[in-house]
Amino acid sequence: MLRRLARTAAQWHGALWARGSGSWAGVPAHVVDLRSDTVTKPGPAMRRAMAEAVVGDDDYGEDPTVRELQEKAAELLGVEQTLFVPTNTMANLISVMCHCRRRGSQLLLGQECHLHVYEQGGVAQIAGVHSHPLPDLPHGTLDLAELERMVTRGLGSPYHPVCELICLENTHSSSGGRVLPINYLRQVRLLARSYGVRVHLDGARLMNASVALHVPPARIVEHCDSVSLCFSKGLGAPVGALVGGPKDFIEEAWRLRKALGGGMRQAGVLAAAALVGLADAEEVLLRDHRNAQRFAKGLQELASPLCSVDLTAVETNMVMVRVDGPPPEELCRRLQAVSADEVAQTGRAVRVLLFPWTERSVRAVWHRDVSAQDTELALRKWGFVLRQLGP
Ligand SMILES: *Cc1c(COP(=O)(O)O)cnc(C)c1O
């Protein structure tokens, strides 16, 4: 669904630009892109770091910048080693393949999690792993009793798949960037341990969780057997992710990265960008979270019957807006459009780019290319559109 919506949004975006200045000639349109935190462009400092990176052949383990990134990240995450890979999708696939060595091994995970929904079932088509999805609770957690029932169902049975792995996602994307409680991680680990099952954490947005909880990422990762982390989301790098875990796990991960075509040569130019993203993470993500909060509060203050936000659910850089009345597609279309009316009323031409999320909601995502001022402009545009749609 997201892909189709993305295409629709891109067409709209294109059409609006192509239509040019029209009756609001002279007022340059300002774009606030809240579709995803993947849309960031590397800024001057990041590009400089990339240009100046000291590199070598990473296939021989000779790229100093990749090694620096892997070592720094291992320390930050509190794991023995990490491995730089092109994408978080590959980091997840490698992790699943490392943990599930038997064909037909069972993987338990949330039915709306990224690994299950957006990674083409790679664990089935490439790794021969059988996924059993469980319903995600509103906080992005899984019901522990149900989890235990599924872990134990096949125990000692020649008929059932053997559960080897549980995958969790933190922050939890489809629930709007919710942060998994540390105590929940502890409980899942305990449960998994007692049945010889491992836990992988899809930490694409782990740094958002760390910043939101005010704890070092290692305090989160310590409850898991392996972890992935994405540099091209809120950390703002153009490419890259990593997988982290014990030494023997990473040795196997290196072999699998090679098999999957993810071995790279002078990858230091990419690792340099990831290092800048990591160095800035706390400052940037705190600001993103504050902007998301500010927006959610502002939207609530508009007190429109058409849009509402559950403020308690805004924990990181995402805001889920419930839309009642117009279809979310219609709302998104209006937020992207610029009209002479808007320019006359507000003196501005602002395009707010968004994807509808469900039949009744729109998800807005903050990132380092959206400033506090952009957030204010997005809010004002939202107010303008709601008045247009008015009850
Ligand atoms: C984006 C994302 C991924 C995949 O990352 P890519 O680098 O795009 O492959 C995996 N998990 C979660 C939770 C994500 O948000």
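Where does Thr171 lie, and between which strand and which helix is that loop? Thr171 sits in the loop between strand 5 (163-169) and helix 8 (182-194). The peptide bond leading from Asn170 into Thr171 is cis, with omega near 0 degrees.

Hello everyone, and two housekeeping points before we go on. Residues are numbered from 1 along each chain as its sequence is written. This is a predicted model, in which local features need pLDDT of at least 70 and side-chain atom pairs count only at pLDDT 80 or more, while totals for chains, interfaces and linings use all residues.

Let's turn to the lysine. The UniProt record, an unreviewed entry, annotates Lys233 as "modified residue: N6-(pyridoxal phosphate)lysine". UniProt positions are in the numbering used here, feature names are shortened, and annotations may be inferred rather than shown by experiment. Lys233 is in the loop between strand 7 (226-230) and strand 8 (241-245). Is Lys233 buried or exposed? Lys233 is buried, because 25 other C-beta atoms lie within 10 Å. The cut-offs are these: 20 or more other C-beta atoms within 10 Å of a residue's own makes it buried, 12 or fewer makes it exposed, and anything in between is partly exposed, with C-beta atoms placed from the backbone. Setting aside residues up to four places away in sequence, Lys233 touches Asp37, Thr38, Ala204 and Arg205. Contact here means that the two C-beta atoms, placed from the backbone, lie within 7 Å.

His214, in the loop between helix 9 (206-213) and helix 10 (217-221), has a phi near 55 degrees, a positive value in a residue other than glycine. His214 counts as exposed because it has 8 C-beta neighbours inside 10 Å. Ala303, in the loop between helix 12 and strand 9, also has a positive phi, about 50 degrees, although it is not a glycine. With 9 C-beta neighbours inside 10 Å, Ala303 therefore counts as exposed too.

Now for the inside. In soluble globular proteins, nonpolar side chains tend to be buried together. A nonpolar core here is a set of buried Ala, Val, Leu, Ile, Met, Phe, Trp, Tyr and Cys residues joined through C-beta atoms within 7 Å. The largest one has 80 residues, and Ile94 and Ile166 touch the most other members. Helix 12 (residues 268-302) gives the most to this core, with eleven residues. Beyond its neighbours within four places in sequence, Ile166 is in contact with Leu108, Leu147, Val188, Ala192, Val197 and Val199. There is also a second, separate core of 36 residues, and Leu34, Ala349, Val365 and Leu379 are among them.

Four strands form an open sheet in the order 9-10-13-12, with antiparallel pairing; two strands pair if DSSP finds at least two bridges between them. Strand 9 (307-308) and strand 12 are the edge strands, each pairing on one side only. Strand 13 (residues 361-365) is mostly covered, with four of its five residues buried. Five bridges join strand 13 to strand 10 (residues 318-323), and Val321 stands opposite Val362. Three bridges join strand 13 to strand 12 (residues 355-358), where Thr358 stands opposite Ser361. Strands 12 and 13 form a hairpin with two residues between them.

Finally, the domains. The assignment gives domain 1 (2-34 + 282-389) and domain 2 (64-264), with bounds that come from an automatic or database domain assignment. Their centres, taken over C-alpha atoms, are separated by 32 Å. Where they meet, 15 residues of domain 1 are in contact with twelve residues of domain 2. Which element gives the largest share of the side of domain 1 that touches domain 2? That is helix 12, with six residues. By type, that side of domain 1 divides into six nonpolar, four polar and five charged residues.

Definitions and conventions. Nonpolar A, V, L, I, M, F, W, Y, C, P; charged D, E, K, R; others polar.
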